[in-house]
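Please look over the sequence and the structure below before reading on.

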Amino acid sequence: MESARKPWNRALEFLIERAIFFAGIISIFFVILIFVFLLKEGVSLLKTYPLKDFIFGQKWYPISEPPSFGVVPLLLGSLAVTMGAIVIAVPLGMGAAIYIAVVAPGWLKEILKATVEFLAAIPSIVLGFIGLVTLVPLVKQVFHLTTGLTAISGSIMLAFMAMPTIVSMMEDALTAVPRSYREGAIAMGATKWQMIWRVLLPAASSGMLAAIMLGIGRVIGETMAVLMITGNAARIPTSLFQPVRTMTATIAAEMGEAVQGSDHYFALFAIGIVLFIITFLINLAAGFFIGRAHHK
Amino acid sequence: MTNDIVIDVRDYNLYYGDFHALLDVNLSIKKKSVTAIIGPSGCGKSTLLRGLNRMNDLIDQVRVTGEIFIEGKPIYAEKRDLVELRKKVGMVFQRPNPFPLSVYENVAFGLRLHSHLSKEEVAQKVEESLKAVALWKELKDKLKAPALRLSGEQQQRLCIARLAAMSADIFLMDEPCSALDPVATQHIEELIRVLKEDYTIVIVTHNMAQAARVSDETAYFYLGKLIEMGPTDQIFTRPARKETEDYITGRFG
């Protein structure tokens, strides 16, 4: 019996091993494929359009004659919306994470965690749509603007999208701080806030920075909501109360009309490369902070 | 004589939900003495210790009756200032738990919480406190180093130093040597003998030899009750109660 089953088992083992190996390798393969494709198409722009004009060009007029493909207004548009979103999301997210991790009673903690995570489940197009009909008129009215389709509207909306990432990662970082630190501080007569401020936050700082990084990564890659509510004017923004156009929205809006193989088409891929490099660096930074948090 | 009593526990009962963890405990502890609390696991000795600075308040569903007087003042009285209490009654934990800050900031922690001293005054307090636990020589050039890089023994000394710095005068020690090796244990015991010149120390220990070595008085707990308390040499040579003798001679527990 034993001996009869052995070759079978070995064959099965071999097959499973190969299958898992294949599954692992194929995801790496696809990443490489995507990157090569992106690079090939993006770099094709440089055959006819100088790199310097792409990187430093301040005008994005893809269908003028001659066209200009300056990425600066789009890059600044993305940065403006992202910065605004982070400035809103980080303090709110930090407050929420501290409340959930240390202050809230057990039952409320569970409800809050589930609710914040549910926020992540709302499709971004739905959030964008809600933003368009509720937030945009509000922004217009409150700030007395001619249009509510501005960077600040996008920032507010994206802040909501970044919140689940920021809150749940920060909460994890705070919960991971050993209980003995908290007890030690309380036993020395620290109040809850002194304990949080002087012990908990410094101990969790690496994990919290990683949370902010991943929040930025989430925001800068977001497309649908910004396409709907930031106004899409490819101009260099001078304040958050102007319409802006982000890199993602540009690709989404223009890819349909760009002729395949045209300079315009390649320029959109070149924007994709810029976006890729930015998110890659952000993830790298997040990875660095996470590594440091585990090291402590 | 009564002026010597610094901790006075009266008819103290503690419940974790339905579980009656301490039953009618009465005992007094003299100033500048070392009192050891011994007994088998789950007898309530750590619970009593954590009652003395009200750390049990952090646990849900804890209920207390009776009273504990520290320097004559009831600690369970309404409006009792817990910050004031915990400043006076410091705690050393089983596992050394320095904060993830520098050596210097660990010792200065209590001062930053509770006082507005000048930079020089803080520095002086830090130095005095590190000297009190015999760490100054080893660490005076490493004050900026992270406390978590110190050895276990140094960390535990540091945890005592940070209590000394905020002028606590009662130290509650919850098995302070259980995470340390025998040599480090011996050093901490020596330190306890030095510290009792200035401080009142209550130490919970599983190690009966340790209780015999360091304490002046010993209290034996079993199932939440104080069975017997008296001078340590008496408890270890001619205990009044049969249960105490059984535990100490190792016939049980």
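This is a predicted model: local features need pLDDT of at least 70, side-chain atom pairs count only at pLDDT 80 or more; totals for chains, interfaces and linings use all residues.

Residues are numbered from 1 along each chain as its sequence is written, chains are lettered from A in the order in which they are written, and side-chain values use heavy atoms, with hydrogens and water left out.

**Salt bridges**
- Over all chains, the whole structure holds 19 salt bridges, each being a side-chain nitrogen of Lys or Arg within 4 Å of a carboxyl oxygen of Asp or Glu.
- B:Lys131 and B:Glu127 form a salt bridge at 2.7 Å, N to O, and they are separated by about one helical turn because they lie 4 residues apart in helix 4 (residues 119-132) of chain B.
- B:Glu105 and B:Arg112 are joined by a salt bridge of 2.7 Å, N to O.
- A network of salt bridges links B:Glu71, B:Lys88 and B:Asp169.

**A helix residue**
- B:Thr47 belongs to helix 1 (residues 45-51) of chain B, where helices are DSSP runs (H or I, at least four residues) numbered from the N terminus.
- B:Thr47 has 10% relative accessibility and counts as buried, a term for under 20% relative accessible area, with exposed over 50% and partly exposed in between (1.4 Å probe, protein chains only).
- Apart from neighbours within four places in sequence, B:Thr47 is in contact with residues including B:Leu14 and B:Asn56, contact meaning heavy atoms within 4.5 Å.

Conventions:
Helices (H or I, at least four residues) and strands (E, at least two) are DSSP runs, numbered from the N terminus.
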